[in-house]
Amino acid sequence: MAELVKVTVEDSTFSIERGTLLSELIPRLKLSQKPVLAKMNGEIVGLGRPLEEAMKVELIYPDSEEGLDILRHSASHLLAHAVLELFPGTKTGIGPPIENGFYYDFLRDKPFTPEDLSTIEKKMRELARKDIPIKKVIFSKKEALHLFKDLGQELKVELIEEKGEKEVTCFQQGDFVDFCLGPHLPSTGGIKHFKILSASGAYWRGDEKGKQLQRIYGTAFFLKQQLVDYLTLLEEAKKRDHRRLGPELDLFSFNEDLGGGLVLWHPKGATIRQVIEDYWREEHIKDDYEFVFAPHIAKLDVWRRSGHTEFYEAMYPPIQSEGLEYELKPMNCPFHIMVYNSRQRSYRDLPLRWGELGTVYRFERSGVLHGLLRVRGFTVDDAHIFCRADQLESETIGVIRLAMRLLAAFGFKDYDIFLSTRPEKYVGKVEDWDKATQALKHALEASRLDYQIDEGEGVFYGPKIDIKVKDVLRRSWQCTTIQLDFNLAERFDLNYVGEDGKLHRPFLIHRALLGSLERFFGILIEHFNGNFPVWLAPIQVIILPISERHDDYARALDKKFKEEGLRSRADLRREKIGYKIRDAETHKIPLILIVGDKEVDQGTASLRIHGLGDKGEIKVNEFLEKVRELDKNKSLDVNI
RNA sequence: GCCAGCAUAGCUCAGAUGGCCAGAGCGACUGAUUCGUAAUCAGUAGGUCGGGGGUUCGAAUCCCCCUGCUGGCUCCA
């Protein structure tokens, strides 16, 4: 007679025969999703594990972050295992799971070639097929050091010396041992759907002066479909890469002779920028902002006083002029502060909200430049708010609200929000930090927003809130940053006369909502895949006459639309209509009007919507009304 | 800046092992075609092979330096 044990899985308790396999029990749970792994007493096990005693079992599902981390961590070990088999003598560094995949760092004389990578991937598949058990092994620190010294793994020795406790946890699969806390899959056979993606250089412990390592990136999933979906996503992202679409749609370009990281906005890109800027100003005016303008250079002393020369690496070298040193501005703050300091301020004046689309120049190292997303000259949608302590919270709420209003207009409605608190090295008073951090917290809570706290991740001069938006491909982009600044307030001796007649230090909030126009534009291009909605499209409507005798009508429509404030064009080239349609479609013009005999007679136009095809005839006035509506409402939907 | 890779016509790309005047498609231009929902036909022009130096009888091709770009490291809007 078999003995019964009580097992609790996912809140259901069962009395089962001792030795029943977990996989036999699972069908009884009637789960909507199939689990891939389980956790028994903290140990990660496969579903084929027998249940030998009373216990609680947690199930891990294929899309859980925890499960993916375990899988990818094991995949990174598999990678290292394969590399050591193929290239004996390679030293292993670290190999963690990361968002969307994993990597492993290696120290080796020769970098890996693309051919090496496919050989490595093949070897990994071979090792996975062997289904080698992955076992946790505990050594004494002494044993572990001895072991890794014998293996010639000097980087591991360094890590164990530093991080190892009395007992050192390692994971072993076949001949391969790694210093690692785990957890890991029960065996290599669980790593089925993976791909090696790329190789690159990396520094040992991220230190530029440290050893140069070779990093290999890969990704892994539990289900084949997940891997396929991910690789498809990468393909899709590549297709809508703004560096490809930008020049293709004649939006912007770079020029080697001009210099890296310096953007040329072409007329079409500039049109979109104008629309964004106009909208930005309108919304700021609604929120009682005022605008300022400031020059692009200032005496170097300004930047000495602000601390930028000291703390900021991205400055360009100074410009000499008449024996004085001037500096290209990397930030707008000192100028706004000087406007503030141009006269005495009273508590009644506050808050002051001053915005500027300020173009700044930062020296970014050549290797970090990346399309519009990382450039050397860019325009911050900047503003500085000078306020009293009691206004801090309401001002922050206001900024958050404005940021979301702006971002939502572009279709960004999902956010990840981070609050970064006081780091180890900081300036200012702890009371001020606490007060300000509390104000930021309350502001987030009052706005009913979920947020994560990044403890100690604030900048040295103040706590901050960062908002990341998710685009249509679910990729995350940092746009909004709201930063308190205790440093500049102090350095430039900001003050106001309080109710008590004494001088007080105002709080300085530094904020950018879209981030920079260049970067935001790059994000937008990818988000929309170049298919800008009517309110943003550089050409909103194009009129295509069928033959020359319809040109006058097309011209008249074009003129009428322009007078109505629409961005319109007429294509009067002597081409067949199919050609002109194709041309308009490839230029991603949202609205296409085709006019021939019928339309001229009836005062109509035949409407075609980009991506949606032929929508039939429409009266010109009706069309105009609808387009104006789309434009005015900043509709993201092109259908009319 | 560092590691690896890339740079041929406006764009996308061919041009093994160095060797006849460097090719194609699209685009541009010229001409013909006056046409109904994603490419009409014919012709013409267009290239310091990213720039500089070197090796060689001879370099787009091999070597060095520079510039720019790509994937990362680091940093950040």
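Is H242 buried or exposed in this structure? In this predicted model, H242 is buried, because its relative accessible area is 0%, and a residue counts as buried when that value is under 20%.

**Chain A as a whole**

- Chain A contains 19 helices and 35 strands, and along its principal axes the C-alpha trace spans about 90 × 75 × 55 Å.
- Of the 640 residues in chain A, 51% are buried, while the chain exposes about 31400 Å², of which carbon and sulfur atoms supply 49%.
- Among the contacts in chain A with a separation of 6 or more, 68% are made by residues 24 or more positions apart.

**The surroundings of H242**

- H242 belongs to helix α7, which covers residues 242–248.
- When its neighbours within four places in sequence are left aside, H242 is in contact with P247 and F252, with G371, L372 and L373, and also with G522, I525 and E526.

- W354 lies in strand β22, made up of residues 352–361, and W354 counts as buried because its relative accessible area of 6% falls under the 20% cut-off.
- Apart from neighbours within four places in sequence, the contacts of W354 include Y289, E290 and V292, then H336, V339, Y340 and R345, and finally D382, A383, H384 and F386.
- Between W354 and V177, which are 177 residues apart along the chain, the C-alpha atoms are separated by 59 Å.

**Strand β15 and its partners**

- Strand β15 (residues 212–221) is largely enclosed by the rest of the structure, because 8 of its 10 residues are buried.
- Strand β14 (residues 193–203) runs antiparallel to β15 and is joined to it by 10 bridges, and within this pairing F194 stands opposite A220 in β15.
- Strand β10 (residues 101–107) also pairs with β15 in the antiparallel sense, here over 5 bridges, and Y103 stands opposite Y217 in β15.
- As background to such pairings, the side chains of a regular strand alternate between the two faces of the sheet.

- An open sheet is formed by 5 strands, arranged in the order β32-β31-β33-β34-β35 with mixed pairing; its edge strands, each pairing on one side only, are β32 (568–570) and β35 (613–619).
- On average, neighbouring strands of this sheet are turned by 25° against each other when direction is ignored.
- Within the sheet, strand β31 (residues 541–545) and strand β33 (residues 591–595) run parallel and are joined by 5 bridges, with I592 in β33 as the bridge partner of I542.
- Helix α17 (residues 577–586) packs on the sheet and touches β31, β33 and β34 (604–609), and the direction of this helix makes about 170° with that of β31.
- Helix α19 (residues 620–632) lies across β31, β33, β34 and β35, and runs at about 115° to β35.

Technical notes:
Residues are numbered from 1 along each chain as its sequence is written. Chains are lettered from A and ligands numbered from 1 in the order in which they are written. This is a predicted model: local features need pLDDT of at least 70, side-chain atom pairs count only at pLDDT 80 or more; totals for chains, interfaces and linings use all residues. Side-chain values use heavy atoms; hydrogens and water are left out. Two strands pair if DSSP finds at least two bridges between them. Helices (H or I, at least four residues) and strands (E, at least two) are DSSP runs, numbered from the N terminus. Axes are lines fitted to C-alpha atoms, for helices over the stretch in contact, and angles run from 0 to 180 degrees between N-to-C directions. Contact means heavy atoms within 4.5 Å. Buried means under 20% relative accessible area, exposed over 50%, partly exposed in between (1.4 Å probe, protein chains only). Accessible areas come from the Shrake-Rupley method with a 1.4 Å probe; for residues, only the protein chains shown count as cover.
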